[in-house]
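User: Please walk me through this structure with a few questions and answers. I'd like to see how each conclusion is reached.

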Amino acid sequence: MGTETKITGLEHYSLVDIESAALSHIRQLGENYELEELDFAVSSISFFGSRLNGKPRTKSDLDVKLQYTGSAREDDIFNALNSDENRLFFDNIPVDFYPVRTSPRGNWATHRSDWRGNWSPEVARNLILRYSNEGDILLDPMIGGGTTAIEAKILNRNIICSDINDGAIERTKECLKFDVENKSWQKVVKRDARDLGKAKDETFDR
Ligand SMILES: C[S@@+](CC[C@H](N)C(=O)[O-])C[C@H]1O[C@@H](n2cnc3c(N)ncnc32)[C@H](O)[C@@H]1O
């Protein structure tokens, strides 16, 4: 990311200023015991989303990817940093933190960006963290390159993935070949999303 890059709505700040303010906010929460229980150390922060690509809506948040090491779970950091009490604002623009735990195994290593129309891992991660809990059963009936499946596995959600395309099924099975420290399961089946009635014996939470 070049030093000239600006965040829409916050053009009068440099990225370095915003990064420092975000880091000091997190440090302060640690000193105030808000994050006391959480074992994590920030390794890097970066910005993404509509405020970075210049196409925000009036109420768009500022999306911040927070990579960290430590044993704290992504759910816990997500909930702590994005809670109403702890929320960080820059000039009335709320910050959304997306925690990504960096493990020695490199959890994100199997993501590839060459599936047509795939969405970014951060989008899938945000939706999963925001709308589901660990142990839930998720459904992605058009799994494509497997982005949702990878994120669900990392975040300890079970997932049923399907697609009409054999290539998507193979690709998703391949990208799920990595280890995690949880017991989540993934089911990958060929299925037409217009006929989910055949899935009536399965239960989805999200
Ligand atoms: C844009 S891709 C999904 C990308 C995915 N979110 C990712 O990040 O990799 C759309 C997928 O929908 C699948 N698809 C299209 N029509 C479908 C249908 N009727 N039933 C199941 N899958 C379908 C395509 O095969 C394709 O893999």
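This is a predicted model: local features need pLDDT of at least 70, side-chain atom pairs count only at pLDDT 80 or more; totals for chains, interfaces and linings use all residues.

User: Does Asn156 count as buried or exposed?

Analyst: Residues are numbered from 1 along each chain as its sequence is written. A residue is buried with 20 or more other C-beta atoms within 10 Å of its own, exposed with 12 or fewer, and partly exposed in between, with C-beta atoms placed from the backbone. Asn156 has 20 C-beta neighbours inside 10 Å, so it counts as buried.

User: Where is Asn156, and what is its phi near?

Analyst: Asn156 sits in the loop between helix 4 and strand 6. Helices (H or I, at least four residues) and strands (E, at least two) are DSSP runs numbered from the N terminus. Asn156 is not a glycine, yet its phi is positive, near 65°.

User: Is Asp91 buried or exposed?

Analyst: Asp91 belongs to the loop between strand 3 (89-90) and strand 4, and it too has a positive phi, near 45°. Because 9 other C-beta atoms lie within 10 Å, Asp91 is exposed.

User: At what angle do helix 3 and helix 4 cross, and what is that arrangement called?

Analyst: The axes are lines fitted to C-alpha atoms, for helices over the stretch in contact, with angles from 0 to 180 degrees between N-to-C directions. Those of helix 3 (residues 121-131) and helix 4 (residues 147-154) come within 9 Å and cross at roughly 50°. Angles under 35 degrees count as roughly parallel, over 145 as roughly antiparallel, 65 to 115 as roughly perpendicular and the rest as oblique. So helix 3 is, relative to helix 4, oblique.

User: Which residues of helix 4 meet helix 3?

Analyst: Contact here asks for C-beta atoms, placed from the backbone, within 7 Å of each other. From helix 3 come Pro121, Ala124, Arg125 and Ile128, and their partners in helix 4 are Thr147, Thr148, Glu151 and Ala152.

User: Why do the buried residues of helix 5 line one face, and which are they?

Analyst: An α-helix has 3.6 residues a turn, so residues three or four places apart point the same way. The face turned away from them carries exposed Asp166 and Glu174. In helix 5 (residues 166-175), the buried ones are Ala168, Arg171, Thr172 and Cys175.

Notes. Two residues are in contact if their C-beta atoms, placed from the backbone, lie within 7 Å.
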